[in-house]
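This report covers a helix pair, a sheet and a chain interface. Please have the sequence and the structure in view.

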Amino acid sequence: MNPIKHARNWGSRALPKKDPNFGHPLDTSHGPILYVEDVSVSFDGFKALNNLNLYIDEGELRCIIGPNGAGKTTMMDVITGKTKPDAGSVYFGQQINLLELSEHQIARGGIGRKFQKPTVYEALSVYENLELATAGDKRFWSTLTRGLNGEQKDRISEVMETIGLTDSVRNDAGNLSHGQKQWLEIGMLLMQSPRVLLVDEPVAGMTGEETERTAELLTSLAGKHSVIVVEHDMAFVRSIAREVTVLHQGSVLAEGTMDKVQNDPKVIEVYLGE
Amino acid sequence: MLTQRLLTSDKGGMIVLAILALTCILVPILNLAVPESSPFHVSTFTVTLLGKFLCYALLALALDLIWGYAGILSLGHGAFFALGGYAMGMYLMRQIGDRGKYGDPLLPDFMVFLNWKDLPWYWQGFDMFWFTAIMIVLIPGILAWVFGWLAFRSRVTGVYFAIITQALTYALMLAFFRNEMGFGGNNGLTDFKDILGFSITADSTRIGLFLASGIALMLAYLACRYIVTSRAGRVIVSIRDAETRTRFSGYKVESYKLWLFVFSAVLAGIAGALYVPQVGIINPGEFSPLNSIELVVWVATGGRGTLYGAIVGAFSVNYGKTVFTSFYPEAWLFPLGLLFVLVTLVLPQGLVGLLGKIKKNRAGDNSDKQTTDKADTKEGA
């Protein structure tokens, strides 16, 4: 399923005026799919992000690490439209200025976000959770009067396979284990046919086996999607990371492979020093 | 297929609908065809009382749709009910014509009394029923749209939303109390003579209004079921349970809340419009914040988030109120308050939840077996 084709479907009808250029294929000709440039955010004088620069390539798997308060969650808030920065620019491809869009537009356009605490709709079944997340016309009248089409239903089965929850399809999401909820939420992101996945602490509270499966899942998603993982668990980061970015006090401290970053004296000072 | 979707797995709703349908068939017969001397005769007083309850039930249904499913607590839903009522009241006033005390062919009595010479512009058109019918839907709908647009766009939720809806209905009450508003001041609109050419006090008209209320309630119930069983209904429940997640799933949460709120307000307006000819008066007291709070108690007592629970709640609390106030007219607020506290503490699922619990306990002996059976089938599937 081609996410761009999908975007075009609703891009022309759903949000005719304010909608960005989702109608055109995303322009990633220069490499990066996501540009975060000189972004600063402050809350009551505290600089959560300070001239942050970050470029994510198409299909890349990027891990972002950093001590508490480094600005990881704020960075996700800025990319997904929850927080508007004081300065800087955030572009999706070459054309789309994410700062002009609201959360639901960004989500429809192909940036999916998983929260730190697993957030699924507990009152609904696994199937219904995925159904709600399905890419398509998400306006009130359309969801009121129409069900899913065959293609969308096939996509649900496909995603259930990917996240390994086919056996629990009719179960209430509230009854799933912690790990299963995390996977379900990742599955919900996949239903949106996203180009970029933002995943906040996916293995927090998981057992060793669950962590392993999550690592496999995320690595298999890279390539098809750009995946940005924020994580504290260093062993986990090492097991999946190709490229690591270290945030500290709202800006990038170091960037590179895990080995390079780990031997960087600045990083050592931040993590071990003082 | 649609009926299947609306009614399967809604046993309580089916029972309530069946009772409503039966009432709509039996009451007219027992009122009109059975002689007054018979013990089976239903008095016109009872018909009107039941008709009133049907309107309350429709109002409760409207509130349950937004409170029970979207988690939006409106403490001002009585305002939409009253606005629908005023629209109908204006039509009924214009129907009086020159039969008023002052005999003015155009102006209602209270305007003559205030020495007004012309009919205000906003009273134009209300002599026609079709225009009134449109206004009954439009006025509450537009107010809800404007109010909801401002509130939801600014992401006002929870207790803040409840408070501003309360302020809305209070402000409207104060405004309608003013004589200069042109809605009869604190006396409101009354002394109605006829509706669509039928005398408003005639038994047959009462039955007609009763039937209209019953049918409106049943249709509204099905419409609400249609919404909550659709995909949009599941989005609405998701907004209630995890609003941010829903937003990041690409849904424009504000517009879902807004349309649901508008639909709910329209239902409330229709309820008010059916209510006014049956009670024969509409005054600013209907905007009183207390009315809206009572409404919340009906829904909570019946069981929120079930739709039919709201109907059960509206009937049972109002029946209790009718019985109680015939003994101690002044003290109704005390049992009402007590009821609210009890429901909150003991019956969070309301009467409907209590029934469900009793049923479960009775089936308790078999429950162990059932759970294992269920687990088996799940594994099998």
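## Helix pair in chain B

Helix 2 (residues 11-32) and helix 8 (residues 203-229) of chain B have axes that come within 10 Å and cross at roughly 170°. Helix 2 of chain B is therefore roughly antiparallel to helix 8 of chain B (angles under 35 degrees count as roughly parallel, over 145 as roughly antiparallel, 65 to 115 as roughly perpendicular and the rest as oblique). Axes are lines fitted to C-alpha atoms, for helices over the stretch in contact, with angles from 0 to 180 degrees between N-to-C directions. Helices (H or I, at least four residues) and strands (E, at least two) are DSSP runs, numbered from the N terminus.

This is a predicted model: local features need pLDDT of at least 70, side-chain atom pairs count only at pLDDT 80 or more, and totals for chains, interfaces and linings use all residues. Residues are numbered from 1 along each chain as its sequence is written, and chains are lettered from A and ligands numbered from 1 in the order in which they are written.

Among the residues of helix 2 of chain B that meet helix 8 of chain B are B:Leu17, B:Leu20 and B:Val27. Helix 8 of chain B contributes residues including B:Phe210, B:Met218 and B:Tyr221. Contact means C-beta atoms, placed from the backbone, within 7 Å. The contact residues divide into 14 nonpolar, five polar and two charged (Ala, Val, Leu, Ile, Met, Phe, Trp, Tyr, Cys and Pro count as nonpolar, Asp, Glu, Lys and Arg as charged, the others, Gly among them, as polar).

## Sheet in chain A

Chain A has an open sheet of six strands, ordered 6-7-8-3-9-10, with mixed pairing. Strand 6 (111-114) and strand 10 (251-256) of chain A stand at the edges; each has a single partner strand, so one side of each lacks a neighbour in the sheet. Pairing requires at least two DSSP bridges between two strands. Strand 3 (residues 61-65) and strand 8 (residues 226-230) of chain A pair in the parallel sense over four bridges. There, A:Arg62 stands opposite A:Ile228.

| Helix of chain A | Reference strand of chain A | Angle |
|---|---|---|
| Helix 2 (residues 72-79) | Strand 7 (196-200) | about 150° |
| Helix 8 (residues 208-221) | Strand 8 | about 145° |

## Chain interface

Between the chains, 22 residues of chain A are in contact with 20 residues of chain B. Helix 3 (103-109), helix 4 (126-133) and helix 5 (140-145) of chain A each give two or more residues to this side of chain A. That side has nine nonpolar, six polar and seven charged residues.

How values were computed:
Two residues are in contact if their C-beta atoms, placed from the backbone, lie within 7 Å.
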